Amino acid sequence: MLHLENSQAAFDEAKKLMPGGVNSPVRSFANVDSNPPFIARAKGSKIYDIDGNEYIDYVGSWGPMVAGHAHPNVVKALQAAAERGTSYGAPTLLESELAKLVMEVYPTIEEIRMVNSGTEATMSALRLARGFTGRDKIVKFIGCYHGHSDSLLVSAGSGLATFGVPSSPGVTKGTAADTIAVPYNDFEVIERVMKEHGQEIACIIVEPVAGNMGCVLPKQGYLDHLRRLTKEAGALLIFDEVMCGFRASLGGAQAAYGVKPDLTCLGKIIGGGLPVAAYGGRRDIMEQVAPKGPVYQAGTLSGNPLAMTAGLETLKIITADPEPGEPDSSRVLTLKVKKLLLGWQEGARKAGVPIQAHQAGSMFGIFFNEHEVWDFDDSSASDQKAFAVWFKAMLEQGIYLAPSQFETLFMSLAHTEEDIDRTIEASRKAFAKVREMRG
Ligand code: KE4
């Protein structure tokens, strides 16, 4: 039984100070009807809560911690950077250095703008697409999440290919009317939308590997389909790789699937745990961004020297050449996930609990579903109750997973074979609990 007394007291107090006691909703553990451990520190693959419990961490701060927590190179570089001041609000060499490193890995990015969050990156990319094309409408996919800017907090209208409805109070009908939300991995609906509205559409924005309806992969040829449709309509294709960037492969989904977007949004890993995100792409488009062009976007802490430092050190770790004959970091991460999922699948089979296990490089997840999962409806049809039982049983055994069926899990270079073996062992008991719950 986990002792969480201090976390419980901390949560009770936090709920008097911040909405739901958290600074981002999913951290409240509301989706799994539980209370969150309050974290005191983290190192490598482990996090430790204020009650002294140790967990093997597969959330990794929702993706950034691919090198593991408190990597010595990152900590050392940050300590030195802090001595030089924490922010100047002026150009630094660090921003150009990180820009160049990102462009080496993402050749479709010819110019880049650093911002502070994935929300800012996608919001700015949308404004840029609208400014560049002179068109107002955008297309997003049901179940894809791109941060909380108004145009992207929109769900499907009554008829699938109609204009959107606000998915949050505070988003105006007028804003939502410019967003069309269609099902992910559906070839026909998007084709119909682009045929009917293509000339009004500024862009399609997509998670090329989806991570916010659980981990859901694009169907064979789907990204090529979006590329063709946007080209035909004179619309831009925006890959939101905030999560799948450096995860689906080192070069993200665009490298893994060989599809070139016009703009890419990145985040999470490029800040190594500090607030960094970015949008970038074709030079002719990016040159429309202020001060070079008329599309306005700005930020006090954009390109912050500490954040650039953490991002640079993290990217240096994952892009480093391996020892001769050794696999590179992407391969190492992919193999760790493969081993873990094979163990989970075996445990689920033994317990008689059908699951779908999905992997894209170092990001992964499972669904309590006997059918394949290709879109938000499939994901929503999965057994959320079973997920909550499994999640709690794993947490009890010191395995820290994302507290929602609609999230994705992340492997780091710091996870050891022993961590993975322990996680597989813990899952056997957790699947048995699901079996018991189902009777
Ligand atoms: P942020 O504004 O949270 O930095 O990024 C928004 C965002 C944009 N695009 C994608 C594909 C994303 O996954 C995200 C944010 N991811 C969530 C995890 N589902 C962050 C965790 C949270 O909201 O607390």
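The model is predicted, so local features need pLDDT of at least 70 and side-chain atom pairs count only at pLDDT 80 or more, while totals for chains, interfaces and linings use all residues. Residues are numbered from 1 along each chain as its sequence is written, and side-chain values use heavy atoms, with hydrogens and water left out.

**Exercise 1. Describe how H2 and H10 pack.**

Step 1. Two packed helices are described by the angle between their axes and the distance between the axes. Axes are lines fitted to C-alpha atoms, for helices over the stretch in contact, and angles run from 0 to 180 degrees between N-to-C directions.

Step 2. Helix H2 (residues 72-83) packs with H10 at about 155 degrees, the axes being 9 Å apart.

Step 3. H2 and H10 are therefore roughly antiparallel. The classes are under 35 degrees for roughly parallel, over 145 for roughly antiparallel, 65 to 115 for roughly perpendicular, and oblique for the rest.

Step 4. Look for the contact residues (contact means heavy atoms within 4.5 Å): among them are Ala77 and Leu78 of H2, and Ala310 and Glu313 of H10.

Step 5. By class, this contact of H2 with H10 has eight nonpolar, three polar and one charged residues. Here Ala, Val, Leu, Ile, Met, Phe, Trp, Tyr, Cys and Pro count as nonpolar, Asp, Glu, Lys and Arg as charged, and the others, Gly among them, as polar.

**Exercise 2. Now describe H13 and H14.**

Step 1. Helix H13 (residues 384-396) and helix H14 (residues 417-438) pack at an angle of about 140 degrees, with 8 Å between their axes.

Step 2. H13 and H14 are therefore oblique to each other.

Step 3. Residues making the contact include Trp390 of H13 and Phe431 of H14.

Step 4. The contact of H13 with H14 has ten nonpolar, two polar and three charged residues.

**Exercise 3. Which parts of the chain does the pair aspartate 262 and arginine 227 link?**

Step 1. Aspartate 262 and arginine 227 form a salt bridge, with the closest N and O atoms 2.8 Å apart.

Step 2. The pair links distant parts of the chain, 35 residues apart: aspartate 262 is in the loop between helix H8 (252-257) and strand E11 (263-266), and arginine 227 is in helix H7 (residues 222-233).

Step 3. Aspartate 262 is buried at 6% relative accessible area, and arginine 227 is buried at 11%.

**Exercise 4. How many salt bridges does the structure hold, and which residues are linked with Arg228 in a network?**

Step 1. The structure holds 19 salt bridges.

Step 2. Arg228 is linked with Glu191, Lys195 and Glu232 in a network of salt bridges.

Note on methods: A salt bridge is a side-chain nitrogen of Lys or Arg within 4 Å of a carboxyl oxygen of Asp or Glu. Helices (H or I, at least four residues) and strands (E, at least two) are DSSP runs, numbered from the N terminus. Buried means under 20% relative accessible area, exposed over 50%, partly exposed in between (1.4 Å probe, protein chains only).
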